[in-house]
Amino acid sequence: MTRRTRLALGHWLVLGGMFGVVALVFQQIATSLTEQGAASGDALFNAALFPRWVAITIAALGLVVAVQMLIRGAPEEEPTPEADEEIPEAPARLRFQEFAIAGLTLLYILMLEPLGFHITTFLVIGAMFLVLDARPVWRAVAASALLTFVASFVFEGLLKVILPVGFLGFAPPYHLLGL
């Protein structure tokens, strides 16, 4: 098997994996979400709405890639460096940032339930901005607060999704806006 054939096979396998994720989402909507009563009702109260649209978007983009691969074949491989050329190594700061972002994402998942969406999102996004060297610090804090508010408003205020409130029980009163 030539290198180009292996590369094309790898691309098709990744594409198949994408379609597998799409199939899993629709399987979950048809089984467990339906059993819980979360996949029925109008669009604003349907917990399956967002995953369904994400899966449809992934499927559509996957079809575009599949058609391109059928017409033009797999994308060309980037040239590899010659034996005497050195591959540049990522700077230590970049490696630290990669691990810090992964750690903060894990921390976000673990702290979401006990602290609640608003506090956890504000703290973790702010920490991510600082890890990524956002300066001055007040801009990182302001951007973190703004992103937390926008996400909260979209999901709680417009889509009526119940987000974790944590031990403080904090949730903005979007119902006062008539939403």
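The paragraphs below lead through a predicted model of one protein chain, from its overall make-up to a few individual residues. Residues are numbered from 1 along each chain as its sequence is written, and side-chain values use heavy atoms, with hydrogens and water left out. Because the model is predicted, local features need a pLDDT of at least 70 and side-chain atom pairs count only at pLDDT 80 or more, whereas totals for chains, interfaces and linings use all residues.

The chain holds five helices and zero strands, where helices (H or I, at least four residues) and strands (E, at least two) are DSSP runs numbered from the N terminus. Read from the N terminus, the order of elements is α-α-α-α-α. Of the 179 residues, 18% are buried; buried stands for under 20% relative accessible area, exposed for over 50%, and partly exposed for what lies in between (1.4 Å probe, protein chains only). The chain exposes about 12500 Å², with carbon and sulfur atoms supplying 73% of that area, as computed by the Shrake-Rupley method with a 1.4 Å probe, only the protein chains shown counting as cover for residues. When contacts (heavy atoms within 4.5 Å) are taken between residues at least 6 apart in sequence, 59% of them join residues at least 24 apart.

Helix 3, residues 92-115, packs against helix 4 at an angle of about 175°, and their axes are 9 Å apart; the axes are lines fitted to C-alpha atoms, for helices over the stretch in contact, and angles run from 0 to 180 degrees between N-to-C directions. Helix 3 is therefore roughly antiparallel to helix 4, a label given to angles over 145 degrees. Residues making this contact include Phe96, Leu104 and Leu112 of helix 3 and Phe117, Val124 and Leu130 of helix 4.

In the loop between helix 3 and helix 4 sits Gly116, which is buried because its relative accessible area is 2%. Leaving aside neighbours within four places in sequence, Gly116 is in contact with Met111, Pro164, Val165 and Gly166. Gly116 and Leu168 are 52 residues apart in sequence, yet their C-alpha atoms are 7.9 Å apart in space.

The loop between helix 4 and helix 5 also deserves a look. Asp133 lies in this loop and has a phi near 65°, a positive value in a residue other than glycine; with a relative accessible area of 38%, Asp133 counts as partly exposed. Pro136 belongs to the loop between helix 4 and helix 5 as well, and a cis peptide bond with omega about -5° joins Arg135 and Pro136. Most residues other than glycine have a negative phi, and most peptide bonds are trans.

Phe122, Leu123, Leu130, Val137 and Val141 make a nonpolar surface patch of about 390 Å². Patches are made of residues with over 30% relative accessible area and no salt bridge, like charges being joined within 9 Å and nonpolar side chains (Val, Leu, Ile, Met, Phe, Trp, Tyr) within 5 Å; a salt bridge is a side-chain nitrogen of Lys or Arg within 4 Å of a carboxyl oxygen of Asp or Glu. Helix 4 (117-131) and helix 5 (137-158) are the elements that give two or more residues to the nonpolar patch, and helix 4 has the largest share, three residues. Leu130, placed in helix 4, is partly exposed because its relative accessibility is 36%.

Thr148 lies in helix 5 and is buried, with a relative accessible area of 6%. Not counting residues up to four places away in sequence, Thr148 touches Phe117, His118, Thr121 and Phe122.

Conventions:
Parallel < 35°, antiparallel > 145°, perpendicular 65-115°, else oblique.
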